[in-house]
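Here are my notes on the model you sent. Please read them with the structure open beside you.

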Amino acid sequence: SNYGAWVDVSAPGVDVLSTVINSVCSNQIPREGMDECGYDWYTGTSMAAPHVAGVIALGLSVNPEMDRQKLLECLYNTAKNISDINTEEMGRGLVDAKAFVECCDVDASMMAIPTDTPTKTPTTATPTETPTET
């Protein structure tokens, strides 16, 4: 719903399926097989912005220490150029979650090291099949 030189990146924002409160039944934009309550289709920045926020959260999940500047560099550098299919400027392009997460992961300074004592932040240790004896 927004375009122009001031847009940083683009994200899906047209006919996005979203949850709704009070078990409202979808009737605004009917879709085959979508007659359940609790969902509806919406369009606009209110749908696109959560896509971008979610992608950034995914990047931070693989590299929680990444600073704002590095996050933005990865976001801008991994966006897919979509200028050939749009008549208006749409920023650096369409957010690419996979490429963004890979960029954040490559930039990770170090992974958390498992410890025997609890920590304030979760570690990335993979659970073993059987518990160890203490």
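The points below go from confidence to core, helices, cysteines and charges.

1. **Confidence.** This is a predicted model. Its mean pLDDT is 75 over the chain, and 60% of the residues score at least 70. Among the elements, helix H2 has the highest mean pLDDT, 92. Strand S2 (residues 39-42) has the lowest, 78. Where pLDDT is low, the predicted coordinates should not be read in detail.

2. **The nonpolar core.** The largest nonpolar core has 13 residues. Which of them touch the most other members? They are Val9, Val52, Leu75, Val95, Phe100 and Cys104. Helices H1 (45-62), H2 and H3 each supply at least two residues of this core. Nonpolar side chains tend to be buried together in soluble globular proteins.

3. **Leu75.** Start here if you want to trace the core by eye. Neighbours within four places in sequence are set aside in this list. Leu75 then contacts Val9, Val52, Val55, Ile56, Val95 and Phe100. Of these, Val9, Val52, Val95 and Phe100 are, like Leu75 itself, among the core residues that touch the most other members.

4. **The buried side of H2.** Helix H2 covers residues 68-78. Its buried residues are Leu71, Cys74, Leu75 and Thr78. They span an arc of only 100 degrees around the axis, so they lie on the same side of H2. What do these buried residues pack against? Their partners are H1 and H3.

5. **The disulfide.** The structure holds one disulfide. It joins Cys74 and Cys103, with the sulfur atoms 2.0 Å apart. The link connects distant parts of the chain: Cys74 sits in H2 and Cys103 in H3, 29 residues apart. The torsion about the S-S bond is about -70 degrees, so the disulfide is left-handed. Are its two ends buried or partly exposed? Cys74 is buried, with a relative accessible area of 4%. Cys103 is partly exposed, at 24%.

6. **Cys104.** The cut-off for a disulfide is 2.5 Å. Cys104 is buried, with a relative accessible area of 0%. It is also one of the core residues that touch the most other members.

7. **The salt bridge.** How many salt bridges are there? The count comes to one. The side chains of Lys98 and Glu102 form it, at 2.6 Å from N to O. Both residues belong to helix H3 (residues 97-106). They are four residues apart, so about one helical turn separates them. Lys98 is exposed, with a relative accessible area of 60%. Glu102 is partly exposed, at 41%. Side chains of opposite charge can pair when their charged atoms come close.

8. **A backbone point.** Please look at Asp15. Its phi is near 50 degrees, a positive value in a residue other than glycine. Asp15 lies in the segment before strand S1 (16-19). At 32% relative accessibility, Asp15 counts as partly exposed.

Methods:
Residues numbered from 1 in each chain as written. Predicted model: local features only at pLDDT ≥ 70, side-chain atom pairs only at ≥ 80, totals over all residues. Heavy atoms only, no water. Salt bridge = Lys/Arg side-chain N within 4 Å of Asp/Glu carboxyl O. Buried < 20%, exposed > 50% of the residue type's maximum accessible area, 1.4 Å probe, protein only. pLDDT = per-residue confidence, 0-100. Core = buried A, V, L, I, M, F, W, Y, C linked by side-chain atoms within 4.5 Å. Contact = heavy atoms within 4.5 Å. Arc of directions from axis to C-beta.
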